[in-house]
Amino acid sequence: QVQVVESGGGWVQPGGSLRLSCTTFGSDFSRIALGWYRQVPGKQRELVAHISTAGAANYGDSVKDRAIISRDNAKNTMYLQMNNLKREDSANYSCAAVLVDRQYQYYWGQGTLVTVSS
């Protein structure tokens, strides 16, 4: 069983920045691929960013050039730095941990809410 814990959400003004963190417990972090997804009520869940076990990153079109995803295997933690935030970035952000050695099983955190408003 893998536990996924997110932190770092909150309120931020348009144009501001924030950093989300995702920490996992219960498995070898270096063998976990990680992603941030976001969702607003009434809309489909959207990929924000993903990072592989090797550190390769890819981003959703809506945040490309405004987000940086990284991982620190020593801390079992992945980070998402988001800059120049827009109102449309407001959503519940969830971290997904994918165990690449266990048939790509997914584990989800509870999510952290990001609100971008003035």
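Me: Buried means under 20% relative accessible area, exposed over 50%, and partly exposed in between (1.4 Å probe, protein chains only). Arg 66, buried or exposed?

Reply: Arg 66 is buried, and Asp 89 is buried too. This is a predicted model, where local features need pLDDT of at least 70 and side-chain atom pairs count only at pLDDT 80 or more, while totals for chains, interfaces and linings use all residues. Residues are numbered from 1 along each chain as its sequence is written, and side-chain values use heavy atoms, leaving out hydrogens and water.

Me: What does Arg 66 form with Asp 89?

Reply: A salt bridge, with the closest N and O atoms 2.8 Å apart. The term means a side-chain nitrogen of Lys or Arg within 4 Å of a carboxyl oxygen of Asp or Glu. Arg 66 lies in the loop between strand E6 (57-59) and E7, and Asp 89 in the loop between E8 and E9, 23 residues apart. Strands are DSSP runs of E, at least two residues, numbered from the N terminus.

Me: Which residues join that network?

Reply: Arg 38, Glu 46, Arg 66 and Asp 89, through shared partners. Arg 38 also bridges to Asp 89 at 2.8 Å. Those two sit 51 residues apart, with Arg 38 in strand E4. Arg 38 meets Glu 46 as well, again with 2.8 Å from N to O.

Me: How accessible are Arg 38 and Glu 46?

Reply: Arg 38 is buried at 6% relative accessible area. Glu 46 is partly exposed at 30%.

Me: How many salt bridges does the structure hold?

Reply: 5.

Me: New topic. Which strands form the open sheet?

Reply: 4 strands, in the order E1-E3-E8-E7, with antiparallel pairing. Two strands pair if DSSP finds at least two bridges between them. E1 (3-7) and E7 (67-72) are the edges, each pairing on one side only. E7 and E8 (residues 77-82) pair over 6 bridges. Arg 71 stands opposite Met 78 in E8.

Me: And the core? Which residues have the most contacts inside the largest one?

Reply: Leu 34, Trp 36, Met 78, Leu 80 and Tyr 93, out of 28 residues in that nonpolar core. Such a core is a set of buried Ala, Val, Leu, Ile, Met, Phe, Trp, Tyr and Cys residues joined through side-chain atoms within 4.5 Å. E9 gives the largest share, 5 residues.

Me: What does Leu 34 touch?

Reply: Among others, Cys 22, Phe 29, Ile 51, Ile 69, Met 78 and Cys 95, with residues up to four places away in sequence not counted. Contact means heavy atoms within 4.5 Å.
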